[in-house]
Amino acid sequence: MDEFSAPVDLFVFNVNKNVDADTMKGYMKDNQGLEFIECEKVSHDDARTNSFRVKVSARDHEKAMKDGTFPYRVRVRPYR
């Protein structure tokens with residue numbers, strides 16, 4: 001009964017500057033099989049690295065938070 005669980009917003013940060021929202025979406029879908037709902041770049045243009053607000057389905061929440069889901073040194077936490 002996944003339709004009862006609200007999607008989860010995550011903050012993905014410490015991402016290389018050359019990664020845009022489309023690249024992030026492709027990585028999550030093609031490499032990790034995550035069902036993302038939205039992906040928005042939230043870092044400003046002068047930031048040293050990129051950050052994204054990513055909304056995933058509730059069923060993918062634990063998978064998205066696991067170590068190894070994103071490349072080395074890219075971090076994820078709940079979006080606040």
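With contact taken to mean heavy atoms within 4.5 Å, Met24 in this predicted model touches Val12, Val15, Val19, Cys39, Phe52 and Phe70, residues up to four places away in sequence not being counted. Met24 belongs to the largest nonpolar core, which comprises 16 residues and in which Val12, Met24 and Phe52 touch the most other members. Strand 1 (8-15), helix 1 (21-31) and strand 3 (50-56) each contribute at least two residues to this core. In soluble globular proteins, nonpolar side chains tend to be buried together.

A search of the whole structure for salt bridges returns six. One of them pairs Arg53 with Asp9, the closest N and O atoms lying 3.2 Å apart; because Arg53 is located in strand 3 and Asp9 in strand 1, the pair ties together parts separated by 44 residues in sequence. Arg53, at 12% relative accessibility, counts as buried, the limit for that class being under 20%, whereas Asp9 is partly exposed at 27%.

A salt bridge is also formed between Glu35 and Arg59, with the closest N and O atoms 2.4 Å apart. This pair links distant parts of the chain, since Glu35 lies in the loop between helix 1 and strand 2 (36-41) and Arg59 in the loop between strand 3 and helix 2 (61-65), 24 residues apart. Glu35 is partly exposed, with a relative accessible area of 34%, and Arg59 is likewise partly exposed, at 48%.

Asp45 forms a salt bridge with Lys41, for which the closest N and O atoms are 3.6 Å apart. Asp45 counts as exposed at 65% relative accessibility, while Lys41 is partly exposed at 33%. Through shared partners, salt bridges join Asp9, Glu38, Glu40 and Arg53 into one network.

Key:
Residues numbered from 1 in each chain as written. Predicted model: local features only at pLDDT ≥ 70, side-chain atom pairs only at ≥ 80, totals over all residues. Heavy atoms only, no water. Core = buried A, V, L, I, M, F, W, Y, C linked by side-chain atoms within 4.5 Å. Buried < 20%, exposed > 50% of the residue type's maximum accessible area, 1.4 Å probe, protein only. Helix = DSSP H or I, 4+ residues; strand = E, 2+ residues; numbered from the N terminus. Salt bridge = Lys/Arg side-chain N within 4 Å of Asp/Glu carboxyl O.
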